[in-house]
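Subject: Structure handover

Hello,

Here is the structure I promised to pass on. Please open it alongside this email and follow along.

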Amino acid sequence: MTGRSRDRRPYEWDAAAYDRLSEPQARWGRTVLGRMVLEGTETVLDAGCGSGRVTEELLDRLPRGHVVALDASASMLEEARRRLARHHDRVRFVRADLLDLRPSALGRDHPVDAVLSTATFHWVTDHDRLFANLAMVMRPGGRLVAQCGAEGNLALLLDAVRSLGVERAGTWLYASGEETRRRLDRAGFVDVDVWTTPEPTRFDDPAELADFLSTVILREHLFTLAPDERRPFVDRVRAAMGEPVVDYVRLNIVARRGP
Ligand SMILES: C[S@@+](CC[C@H](N)C(=O)[O-])C[C@H]1O[C@@H](n2cnc3c(N)ncnc32)[C@H](O)[C@@H]1O
């Protein structure tokens, strides 16, 4: 990774906490994975594999296939390596920024037969470049199956954060279905299907909600605060939310790389 890439995302994840808390993402990931048509022998790129929970289920669908588990975060890749150790002969771990992705990063796994990506694309703020890079590493006809935050994602939660005087709690792009469809067309994808689904997610345990907000949604903003200010800020966000419901809206993508 270049220094410039690191500058885009200066804050590391707490990968062990993410692995423990990411039940919502794992549940959605399972649904997204269910949309992949696989024979079991393919090589699939998991673009933004995180701690590897969804990657593990992808590997179960590929008994004679391979996975490239790619992520920009060293801590996430370390956690994924631990989780996927028993599959070591069928997984290649790649630390790379999706915005700088090149075929050479995939070694002999280039070009991949398909790309799976869950809960990642909204962290990548240039989708034209992202889709062009993915197209570059896929074989013609290969499928892209993905899900990320959509336009309107977390609108109520971010209102609650704004009510505390914080205009922008993180760096993300919640794209609309229409603009995503246009971007995929421009990047050379065909048979493009894009749709959004509301996924309001309730946390009945206040401590779990606080940990989830700290680890996932407010992660970047908390790094700008002194350590002893972080938990009080999260508690104020929880109070401002009213109902303990995170108003997720997901953007779903199924497409094929054109010839
Ligand atoms: C919320 S996690 C999702 C992990 C996993 N796919 C899941 O569904 O649980 C988002 C992941 O995207 C990775 N990520 C964000 N921006 C990235 C980029 N530009 N290039 C590569 N990985 C990126 C993060 O490091 C993180 O591991």
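Start at the ligand. One of its nitrogen atoms lies 3.2 Å from a polar backbone atom of Ala72. Keep in mind that this is a predicted model.

At Leu98, a polar backbone atom is 2.9 Å from a nitrogen atom of the ligand. At Thr118, the side chain takes part: an N or O atom there is 2.7 Å from an oxygen atom of the ligand. How much of the ligand does the protein bury? On its own, the ligand exposes 600 Å², and the protein buries 98% of that.

Now look at the shell around the ligand. It holds 20 residues. Tyr18, Gly48, Asp71, Leu98 and Thr118 are the closest.

**The largest pocket**

Which elements build the lining? At least two residues each come from α3 (23-33), α4 (53-60), β2 (66-71), α9 (206-217), α10 (219-223) and β7 (245-257). The largest share belongs to α3, with 3 residues. Sorted by class, the lining has 21 nonpolar, 13 polar and 9 charged residues.

**The second largest pocket**

Next, move to the second largest pocket. Its volume is about 220 Å³. The lining consists of Glu12, Trp13, Asp14, Ala17, Ser214, Thr215, Arg219, Leu222, Phe223, Arg230 and Arg231. Two or more of these residues come from each of α9, α10 and α11 (227-241). Here α10 gives the largest share, 3 residues. The classes split into 4 nonpolar, 2 polar and 5 charged residues.

Note Trp13 as you go.

What does the side chain of Glu243 contact? It makes a polar contact with the side chain of Arg202, at 3.0 Å. Then check Phe203. Phe203 and Glu243 are 40 residues apart along the chain, yet their C-alpha atoms are separated by 9.1 Å.

Then find Pro111. Pro111 is in the loop between β3 (91-95) and β4 (112-118). Is the peptide bond from His110 to Pro111 cis or trans? That bond is cis, and its omega is near -5 degrees.

Finish at Leu154. Leu154 lies in the loop between β5 (138-149) and α7 (155-162). Its phi is positive, about 60 degrees, although Leu154 is not a glycine.

Best wishes

Methods. Residues are numbered from 1 along each chain as its sequence is written. This is a predicted model: local features need pLDDT of at least 70, side-chain atom pairs count only at pLDDT 80 or more; totals for chains, interfaces and linings use all residues. Side-chain values use heavy atoms; hydrogens and water are left out. Helices (H or I, at least four residues) and strands (E, at least two) are DSSP runs, numbered from the N terminus. Ala, Val, Leu, Ile, Met, Phe, Trp, Tyr, Cys and Pro count as nonpolar, Asp, Glu, Lys and Arg as charged, and the others, Gly among them, as polar. On a 1 Å grid over the protein atoms alone, a cavity is a set of points where a 1.4 Å probe fits but cannot get out, and a pocket is an open set with protein on both sides within 12 Å along at least five of seven lines; lining residues have an atom within 4 Å of a point. Grid points are joined across faces, edges and corners, and a volume is the space filled by probe spheres set on the points. A residue is near a molecule or strand if one of its heavy atoms lies within 4 Å of it. A polar contact is a pair of N or O atoms within 3.5 Å; within protein, one must be able to donate a hydrogen and the other to accept it, and residues adjacent in sequence count only if both atoms are side-chain atoms. Accessible areas come from the Shrake-Rupley method with a 1.4 Å probe; for residues, only the protein chains shown count as cover.
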